[in-house]
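Subject: Structure handover

Hello,

Here is the structure I said I would pass on. My notes on it follow below.

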Amino acid sequence: MSIQTRTAVTAAPTRMPGVSHHGRLDAVGYLICLGGIVRRELLRFFNQKERFFSALVRPLVWLFIFAAGFRNTLGVSIEPPYQTYVLYEVYVVPGLAVMIQLFNGMQSSLSMVYDREVGSMKVLLTSPYPRWTLLLAKLIAGVTVSVVQAYAFLAIAWFWETDIPPIGYLAALPAFVASGLMLGAIGLLLSSMVRQLENFASVMNFVIFPMFFASSALYPLWRIRESSETLYWICECNPFTHAVQLVRFALYGQFEPVACAVVVGTTIAFFTLAVIAYDPGRGIMARRGGPAGDNS
Amino acid sequence: MTGGREAAPALDVAQVSHRFGARAALSDVSIRVERGRFMALLGPNGAGKTTLFSVITRLYNNQDGRVSIFGHGLDREPSRALARLGVVFQARTLDTDLTVAQNLHYHASLHGIGRRAARERIATLLDRVGLSDRRDDKVRTLSGGQSRRIEIARSLVHGPSLLLLDEPTVGLDLESRADIVAIVRALVREEGLSVLWATHIFEEIEPGDDAVVLHRGRIVARGQAGSIGSEGESLEAAFRRLVTEPKDGGRQAA
């Protein structure tokens, strides 16, 4: 395995057939880059089978146990998009599907922090494409995974008489993409703020749980209003509520414009902030320590 | 402009300073790596080598000064500059859950090289680093030296003309270390690659190499590695003298 035998087969990069000297920096090149990032995310996701199952088990436990237990305590009266009185299980399905995306968004954020600690973030950021497009690619990759997970959950929930019309599954796709983008963008910004992996437990306590419980995922907001007007308004201001409502209406073939506006607006706001935070001259990269915590 | 670019050095770091809060990590650092040359960047731990690498790879924006790669300024044309740059970071940055080929294809895509175009290139590079038979193995099954060789192959996937290596042989046994040095030296010799090699291991440096010594964020010596020491003084002895002298900020241009 001497160097001589190795070099015998080596050609200079410029002479490699089919490979330009340094890739393509145009739109096609960017699409290749996006494809590569999504592919890596999917490979990692399917490599971690536990992650796939735990992502599924969590909402199924809610659906099969929690919802069954509350079936008789929490009746849900008729309100849009439902046309009749629905069972509690039917009510919680959209919220649980979006909960998967919430956890996934935070998981992507966690993996960004991990990437930063182990240094593979550096590899991503030395790509010649503009940094915001790399972050967008990361976001799209996370959304792809979260949509796959949400549909896997819906497929299992289907056996549980969730009463979703077939067309609803199709109509909900753009809604899932939108809510996934929003939750991913929130996660992206969080990843820029969390310095170390250990701090991530607090994200669970201070972000995931409040967002999930102070929303319309588990109970209709009019129920909350009966107990507390303040809490009702907190839930109304929670973007997660709107993500759930957008998906809920879409699953029954309806469009909820207010929810859509809030979801899109929140996505843009958080993504912009994340881009600023990852800018090499500002935000986390400029602070002492930088992306991998090295300061030598 | 293009004429200037034709003649531009592979890497031109001009008067770069960088601060972390109140601490100056780099002060007025200037380094030129000429095309097709091997330049050693010597410095003790904490000298600012990794910060300098982070500035050159645009992980940090340099706060003062200018960095150009083959005449492409990192501030004005970051894409063109980064496209010609290959990097081997000090920390291991391969995805251990993925296979060697998956890692290399991922990197190719980050540079806009599609799977089909990358396949042949990857095969060639794996051959070059002597690891063709490990193509479909998970990275976690490789030894330290083998992953380093894969990282070198990865840094070359997009055909860069300038290669940056941040202490690439740290933590490796003698044989792996020699392998890595030999691979990179062959690239310089046979393909005209320009290299900036950060290290504090003197056996990796040849007397004819260009060298700069970085200490406490400043360049304290520069010149051909063989001529940095004074009469009869080895490079290692000269280095020890330079980095122990308390002349904070002393500069010695060659």
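Contact here means heavy atoms within 4.5 Å of each other. Please keep in mind that this is a predicted model.

I began with Pro59(A). This residue is found in helix α3 of chain A, which covers residues 49–70. Pro59(A) is buried, and its relative accessible area is 0%. With its neighbours within four places in sequence left aside, Pro59(A) is in contact with Leu96(A), Met99(A), Ile100(A) and Phe153(A).

Next, the cysteines. How many disulfides are there over all chains? A search of the whole structure finds zero. Cys235(A) shows the reasoning for one residue: a disulfide needs two cysteine sulfur atoms within 2.5 Å, and the closest cysteine sulfur to that of Cys235(A), in Cys237(A), is 9.2 Å away, so the distance is too far for a bond. Cys235(A) is buried, at 1% relative accessible area. Cys33(A) also counts as buried, with a relative accessibility of 0%.

Last, confidence in chain B. The average pLDDT of this chain is 88, and 94% of the residues score at least 70. Where in chain B is confidence lowest, and where highest? The lowest mean, 64, belongs to helix α1 (residues 2–7) of chain B, and the highest, 95, to helix α4 (residues 100–110) of chain B. Over residues 248–254 of chain B, pLDDT stays under 50; for this stretch the model has 14 contacts beyond four places in sequence.

Regards

Definitions and conventions
Residues numbered from 1 in each chain as written. Chains lettered and ligands numbered in written order. Predicted model: local features only at pLDDT ≥ 70, side-chain atom pairs only at ≥ 80, totals over all residues. Heavy atoms only, no water. Helix = DSSP H or I, 4+ residues; strand = E, 2+ residues; numbered from the N terminus. Buried < 20%, exposed > 50% of the residue type's maximum accessible area, 1.4 Å probe, protein only. pLDDT = per-residue confidence, 0-100.
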